Amino acid sequence: MCGIAGFCNVRINYEKNEGEWRTVLNRMKTVQKHRGPDEEGIFLGKHCGLAHVRLSIIDLASGRQPMVKREGGAEFAICYNGELYNMPELKKELLAAGESFQTNSDTEVILTAYLHYGKEFVKRLDGIFSFAIWDGRLEKIYLYRDRAGVKPCFYTIKEDTLIFSSEIKGILSYPGIQAQVDKAGLCEVFGLGPAKTYGSGVFRNVKEVLPGYYLEFGPEGINQHCYWKLQSRPHEESYEKTVEHTRYLIENAVRKQMLSDVPVCTFLSGGVDSSLVTAICSSELKKQGKVLSTYSFDFKDNDINFQANNFQPSQDRPWVDVVRKYADTQHFYLECRNEELYDYLFEAVDARDLPCMADVESSMLYFCRKVAKQHKVTLTGECADEIFGGYPWFHKKECFEAACFPWSMDFTPRTMLLKDEVLEELPLEEYAGNAYRRTIEETPVLEGEAGEEKRRREISYLNLKWFMQTLLDRMDRTSMHVGLEARVPFADHLIMEYLWNVPWSMKCHDGVVKGLLRDAGRGWLPDDVLYRRKSPYPKTYDPAYEQLVRSHMREVLSDMNAPLNLLIDKKKVERFMEQPSDYARPFYGQLMAGPQLLAYLLQVNYWLEHYRISLV
């Protein structure tokens, strides 16, 4: 994986002040150096500048970027972040059509495919990616993003100049771009956070290329094009055939995403999703005489402090032991202490450029840093719950009856600590409600579908567009911040397309949560692992961590210059901190309850301060 950045304006000749614009490109890539610590480069043409930092995974010797080709007297350049899983097939197709290649990199395959097939060539790509292509013949730049939105691409337009970057910090490093947040941005942070509206960058005038879209920018301005979206159609296969088809898609996704010139590892929680990915990876490596390395994550003394609840019914460690032995992996147990968990809260904001999933995200960042010392590529079990219906809100009656995001049923925590005058200015609940309704309205329904099945499709679409995207953002930023590439086989678009139309009676076969996935995994794992009740990503239950968060919140409350105090009511926060925490009533997802609410507010304070944000 890599980091990309650049700018384009067909009315500016960048070659006239080459040194100045090269400095800008260098600055835009330097702030993202963590995404690509191995190599870096820039391209500056008459109307376009591209910057790139590289994490070397494929073609270690000759895949340097930006990559430039010349054809018909024009220059074509690309900077690319991602992995192209069907590179061998596409390259073979292009060779048969008379194209030639100078490297073994997927970057050159993508640029050559653009030249050969035109801008809609992206439909032929199977992978995770965001990339920019400058077409000197048309004097246009194209920004492409993968179907699931695994890889990020933010952009803004300033005085007819398109500025883009893998991370928002790259845009903020461009001359004249101010870090500003308006009322809509604050509604994103407090009404939707740690999620955000798809396509939004939260910062004023910053947007994100939508998953399954590409942008076209040139003399006529900017246009966005959808090249992929989910389509609803009747599912006509029997349950047995559906199990077989699902099994093939999962195995195929894992195998093709093992493509790498460096060793791969997996994250192993002991749950069915990561265990299935691990079992398939281990089997493939054994054929090559290799042993798979696996990593599991927990918190120091969690065996003492753990509190079972509806969201986390059991600890993971015993199940990790079962799977690592069954799959015969070289396993590493990683633990995080309270001090590290707290300290990484703020580096997690640096990684995301936004307040994020509090200690759920800071712990992932900490663990990724540990893994990155040994590996550059890992496969994870993320996204299976969104696609196969694993979360509680797929199954609870109240979720079907409530006209709101099912992972944020209780809106009270989002408003109870804010100042009254802030609540009068920010229509938080209305903003969240409008976002919810827009997504429901765009859900691709099946003609004639109604009632419970239609509602389940709406719940699925909400999860794919919102909750899954939040987790994909978390995985990309925490891993890439430390130079680790995390791949997500369950977010393969072929799996998404197929499962989208599988009826709930099959996904939840015989009333078993994710019954289809479990049946498809038969033979890969022991039945007790396959049919284990879901337990989400681990969190700490140590009261000492909560005390640490509370003590730092009191420091913020006493700091007259802390920007958070412009927004929160000190007395409300003090009263909240005097109450016992209820870990079983999360305000977002399954893990973010009372302690995470305080940690999230601390992240908001750091974000406003560190990014020198002006509230407008």
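**Aromatic rings**

Both Tyr344 and Tyr366 are buried, where buried means under 20% relative accessible area, exposed over 50% and partly exposed in between, with a 1.4 Å probe and protein chains only. Before going on, a word on the source: this is a predicted model, in which local features need pLDDT of at least 70 and side-chain atom pairs count only at pLDDT 80 or more, while totals for chains, interfaces and linings use all residues. Residues are numbered from 1 along each chain as its sequence is written, and side-chain values use heavy atoms, leaving out hydrogens and water.

A pair of aromatic rings is described by the distance of the centres and the angle of the planes. Here, rings of Phe, Tyr and Trp (its six-membered ring) pair if their centres lie within 6.5 Å; planes under 30 degrees apart count as stacked, over 60 as edge-to-face and the rest as tilted. How many aromatic pairs does a search of the whole structure find? The search finds 38.

One of them joins Phe131 and Tyr144: the ring centres are 4.8 Å apart and the planes meet at 25 degrees, so this pair is stacked. Phe131 belongs to strand E6 (residues 127–135) and Tyr144 to strand E7 (residues 140–145), so the pair links distant parts of the chain, 13 residues apart. Helices (H or I, at least four residues) and strands (E, at least two) are DSSP runs, numbered from the N terminus. Phe131 is buried, with a relative accessible area of 0%, and Tyr144 also counts as buried, at 0% relative accessibility.

Now back to Tyr344 and Tyr366, which form an edge-to-face pair, with 5.4 Å from centre to centre and 90 degrees between the planes. This pair, too, links distant parts of the chain: Tyr344 lies in helix H10 (residues 338–352) and Tyr366 in helix H11 (residues 358–372), 22 residues apart.

Rings can also join up in a cluster. Ring pairs link Tyr198, Tyr391, Trp393, Phe405, Trp407, Tyr436, Trp466, Phe467 and Tyr588 in this way. Tyr198, one of the cluster's members, has Lys465 over its face, at 4.5 Å from the ring centre. A charge sits over a ring if NZ of Lys or CZ of Arg is within 6 Å of the ring centre and within 35 degrees of the ring normal. Elsewhere, the charged end of Arg124 sits over the ring of Tyr117, 3.7 Å from its centre.
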